Each structure stands twice: as structure tokens, then as C-alpha cells.
Amino acid sequence: MAATTGALPRSAGSRRFAWPTLLLYLGLIVGAFFMLMPFVYMVSTSLKPANQVFLYPPRWIPNPIVWGNYPTAAMRLTLQAFLNSLFFTVAVVFGQGLVTTMGAFAFTRLKFPGREAIFLSYLGTMMVPFVVTMIPTFVIVARLGWQDTFQGLIVPILANGAFGTFMFRQFFMTIPEEIGDAATVDGANPLDIYWRIYLPLSKPAMTAYGVITALTVWNMYLWPLIVIQSKELRPLTLVIAQFSGQMNAELHILMACVTLSLVPIFLLYVIGQRFFVEGFTMSGLKG
Amino acid sequence: MSSTFVTPISEPARSPSRPVATPKAKRRFRREWLWALFFLGPNLLLFLTFTFFPILFGFGVSFFRWTIIEPPVFIGIDNYQQFFFADRLTGKVVTNSLVYTLSALPVSVLLPLGIAVMLNQGIKGTAFFRSIYFLPLVTSSVAAATIFKWLYAKQAGPLNQLVGIFGVPRQDWLFDEKLVLPALIITAIWHGVPRNIIFYLAALQSVDRTLYEAAKIDGANTWQQFRYVTWPLVTPTTFFVLIITTIGLLTGAFDMISVMTQGGPLDASNVLVFNIWRTAFVNFQMGYASAMAYILFLVVLVFTIVQWRLQKRWVHY
């Protein structure tokens, strides 16, 4: 029993009926109902035949269950949209991971002129919301001729690493410098120390940061909306948003599309719930 | 973790320029600045090009009339004057932003605390409930908005079924000027609750259990234990959650509005972020949109400073 607030009477010894526990369950179930309801509606609608979608009152259990909506939805979404989202996500996770840890290593371990001033300017920009930088960043991307390209989509997001740099710097500072010094005696250069000592020691922090970055990028909408026009380059969020405005007559297919779009990230969540929680706890400032 | 994420910036971390504590001077690398360039170079280049420069550039653009197609024309503070004195939308958009933020805020901050306390009692099935409560967290705002759009539908929407139980006639939630903001607020709360639960759970798990034992010996009941033990200990987290939730609500409503209402009906759900996007990328008034973005940034700063000032009254460190 990990009863940390200890607010409940221990019912083991007493014969009294555990009302507080019952109320607790009731509260949790009511909450869970509201949290789950949208998903239940989504899945239920995605399995309905076309003529039952707009029945009132809504029929929650489809009869018959139409699995065929899913192949139709998959054809509409296209594999390309999944691959675009995947590529966007993987590129940013690994790119940002490399850039932020390398930068953090420089801030922690290396001496160079202006180090503190540069670091302070990183901190100073963390408060600025994306809406402020969105317009000029778009102008820069357009000037580079990167509009409607993957590099235009990805590279500016790599630069969102000020927070990551800060976070990894805090983490690297907990690694005793003596470890690196000892390696230097043995002839190691900074790259060895970064790659063989600092990165392996920060695996938990990197995993947590990576998972949160993956989630953020996979779900990103506003930036792709600004940069991407071509159908072939659209990530899932753009496709879903577009369908959301068009498929009013085919709600069952739309909901099957939404369900399919959630499958990859839900799977990741089921496998690594712990890392999501750690990542959010760690990266509180990111919101 | 719980104590470090509250104010990471002011954490008394080792300063970079701190004199080295070891008696021997730290072993230096040859040509260290070249190594620094190698490690920090890519990071710094990206930072300067896509973060630092845009912040200055955007501020500059806010003093120009610029439609992208034609060259920019310097117009001084006209964009700001237009926002405050000429634009008929300003009043509505600012009011919407404030109503949206201030209505969603209390529930978004306090409801997760209640849920976190319930999830922290160690009863059976906690892991199961936690998984359910965290689900909206991994759901994209676009997917969430698409689902909610249909939950609110007039003809066959489940929400009308729910309120129908209480005898309320069917409403057209997203097409009613009075109901559209509440509908968006509910969606934002649903989507934002899990992240805040995580912050509170981290804080609750670090609370020393013996404090509750002591409180019980002194005869404190469940409510008193919460009020006098739990609450004071989580106020730093509550403060942190309050700040980031305010910023999130002020700057983050775009996805939802874009999918669900496009700011309608009659701009009843048009908020600052959405209006900035529309001004810049639909009407191509880059200068005016930049000015509005800076005004929004100022609003965010004011909210943060006010909350920072008020924290002395209720936050226990």
C-alpha cells in the first residue's frame, strides 16, 4: 500500500464499511467516464454503417459492426501521410537530440569566450511563445526557398532546442568532472568524453526528452500548416484537419481515420508510459 | 524531481565561471575553443537563425506594412495604433481570449490536483485509472478537436443526449455565439488535465508520509490533512502549474479553433492566436500580425508578472 496521503482509514482492522474508499472509486470512475467518452464515441462511430451515424439518440453499440470502414479510411489517409509524420518526428527527435546534447556539453565542459552571455540569451528566449517567432521564421524559410519542403518543416523545429540545451546542461552538471578528467589523462579528446561518457550516462534523460519531443512533433499542426502545401508532404495532423472539414457526410470514415491516426502514438504510450510521465515531469517548462 | 522543476532557472546550479574546486587547475584541452565551436556551432547557428534573429526581426516587421508580395513600407507605430484604436475586431478578440483563459484556468489547475490526490491513495486499480486519465495527453489536439466537434453536433451529438437527460433541449453548441466559447473551454480542459495531473503526482509522491501520521495523531480528519498538510506542500507546484497553464491557454488554442470553428460564428470564438494566424497567413498582413503577436507576448508577460507578484500571498516554499 503506497498510501502517501494516509487519508483513508485502514479497513483491515476495523469492521466498518470503507465508505471513503467507495467514494474514491466513485470519483475515479466518474472522471474516467468523461475522459474516455470521446474515445468511445470515436471508436463506436468508426464501426457504424453509414445509415446509423446520424441517428438520434446516438446508438453507442454499432449493429452490425462494419470493420470495412477501416480499410476505406486507410486508403484515404494513405501510407504516405504516416510516413511523412514518421519522418518528421524521427528527424526532429534525433536531430534535436544530437544538437541539444552537443550544445549542452559545450556549455558544461568547455571554456570559450562569451559562454555565459550566450547561455543567458538561450534562457531569455525560452519565455517567448511560438506565435511571436512563427511569422519571421516563415519569412526566413520562404527566403531560403524552403517553403513546402521537408527541410523547411524540420530545420526550424530543430532550433526549438533552447529548452533541451538548458535541460541537458542541468543534467550534465550532475556528472562529476573528474570522470572526464581521468579520461583526458588517458588521452581522450572532448568527442570521446561526450560520446563515451556523457551520452551513456544520460540515457534516462535522453529517453524521456526524446519521448516528449516525439509526442510534440507527431502532434504538431500549426507549423506544418504554415509551411506545407503539397499533398505528398502532409503529415497526419494536416490530413486529419483537412478531412475534418470535408467529410461531414462520411462521419464513420472520418472517425476511422482519426482512430488510425492515433494508433502509433497510443502503442508508443502503452509500451513506454513511464517515459512519458518522466519526460513531462522533467520538461515542465516546455508547455 | 518535483522540487527541481518548479523554478529550474533560479536553481543554484554551478555557475559556468565558478572557480574550479580541485586544487590542481582543471586539465585543459588543446585548442579548446575549436572544440567548443564544433560542439556548440550547429546549436548556436540554429538558435541564432530560427529563434534569436526572428524575435528581433518580428519586432522590426511590426513597424512595417508588408503583404509579402509588395516590398515592406515603414509606417512607424501605425500597426499598434490600428490594433488599439481602429480595428473593430480588437475588443471582441481580446475579450474572447480573456474569457477563454480565465474560465478554463481555475478548473485546469484545481481539477488535476483533486484527481492526483485520488490517484495517490494507493488503492487497487490506480495504474489502470492513471492510464485512462493520461490518454488525452498523447492525443493530438487535431484529433481531439475533430472528435469534440462531433460530440457537440446538434443533430446526433452525444452531448445533446447527455443534457437531454436533464430536460435541456438540443443545442447547436459550436454555431451558437453564446455556447461556442464554453464548448471550446471544456475541450481545452479535457485535453489539458492529464499533463497537470502528472506534475501534481510528482509533487505528492515526494511528500513525507510521517507528516500525515503526525497529523492523524493530532486528530486531523481527511479534509484537515489535505488543507494543512497536502495543500501547503503542493503550493509551489500549483503556482508552477498556474503559470504554464495560463501561458498554454493564452497562446495554444489555435489547433482546436482551426479545426472546430475557424473563429466563428461571427468571430465569437476568435481569439488572439487565431486572429494572428489569419491576419498573417490568410490576409497576408505580416506587419500587423507581427504587432499583434508582440502585444500577445506582452499580455503573457503581464499575466506571468502579476502571478509572480501574488505568489507571496499563498505559495509556501
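User: Which residues have the most contacts inside the largest nonpolar core?

Analyst: In this predicted model, the residues with the most contacts inside the largest nonpolar core are B:Leu184, B:Ala253, B:Val273, B:Ile276 and B:Ala293. The core has 167 residues. Helix α7 (residues 180-205) of chain B gives the most to this core, namely 17 residues.

User: What makes a set of residues a nonpolar core?

Analyst: The members have to be buried residues of the listed nonpolar types, joined through C-beta atoms within 7 Å. The set of 167 residues that includes B:Leu184 and B:Ile276 is the largest one that meets this test.

User: Which residues does B:Val273 touch, leaving out those up to four places away in sequence?

Analyst: B:Val273 touches B:Thr251, B:Ala253, B:Phe254 and B:Leu296, and also A:Val131. A pair counts as a contact if the C-beta atoms lie within 7 Å, so the pair of B:Val273 and A:Val131 passes that cut-off.

User: How many residues does each chain bring to the contact between them?

Analyst: Chain A brings 91 residues and chain B brings 96 residues. On the side of chain A, helix α1 (residues 19-46) gives the most, with 13 residues. By class, this side of chain A has 61 nonpolar, 25 polar and five charged residues.

User: Why is chain A called more spread out than a compact globule?

Analyst: The globule rule gives 19 Å for 287 residues, and the radius of gyration of chain A is 25 Å. That value is well over the rule, so chain A is more spread out than a compact globule. Along the principal axes, the C-alpha trace of chain A spans about 75 × 70 × 35 Å.

User: Why does chain B get that description?

Analyst: For 317 residues the rule gives 20 Å, and chain B has a radius of gyration of 25 Å, well over that figure, so chain B is also more spread out than a compact globule. The box filled by its C-alpha atoms is roughly 75 × 70 × 35 Å.

User: What secondary structure does each chain have?

Analyst: Chain A has 13 helices and zero strands. Chain B comes to 12 helices and two strands.

User: What share of the contacts with a separation of 6 or more joins residues 24 or more positions apart?

Analyst: In chain A that share is 74%. In chain B it is 69%.

User: How do you know that the two domains of chain B touch?

Analyst: The domain assignment gives domain 1 (32-78) and domain 2 (87-314) of chain B. Their centres are separated by 32 Å, taken over C-alpha atoms. Even so, 10 residues of domain 1 of chain B are in contact with eight residues of domain 2 of chain B. Elements giving two or more residues to the domain 1 side are α1 (32-61) and β1 (64-65) of chain B. The largest share, three residues, comes from α1(B). By class, that side has six nonpolar, three polar and one charged residues.

Key: Residues numbered from 1 in each chain as written. Chains lettered and ligands numbered in written order. Predicted model: local features only at pLDDT ≥ 70, side-chain atom pairs only at ≥ 80, totals over all residues. Domains from an automatic or database assignment. Helix = DSSP H or I, 4+ residues; strand = E, 2+ residues; numbered from the N terminus. Nonpolar A, V, L, I, M, F, W, Y, C, P; charged D, E, K, R; others polar. Rg over C-alpha atoms; globule rule 2.2 N^0.38 Å. Buried ≥ 20, exposed ≤ 12 C-beta atoms within 10 Å, placed from the backbone.
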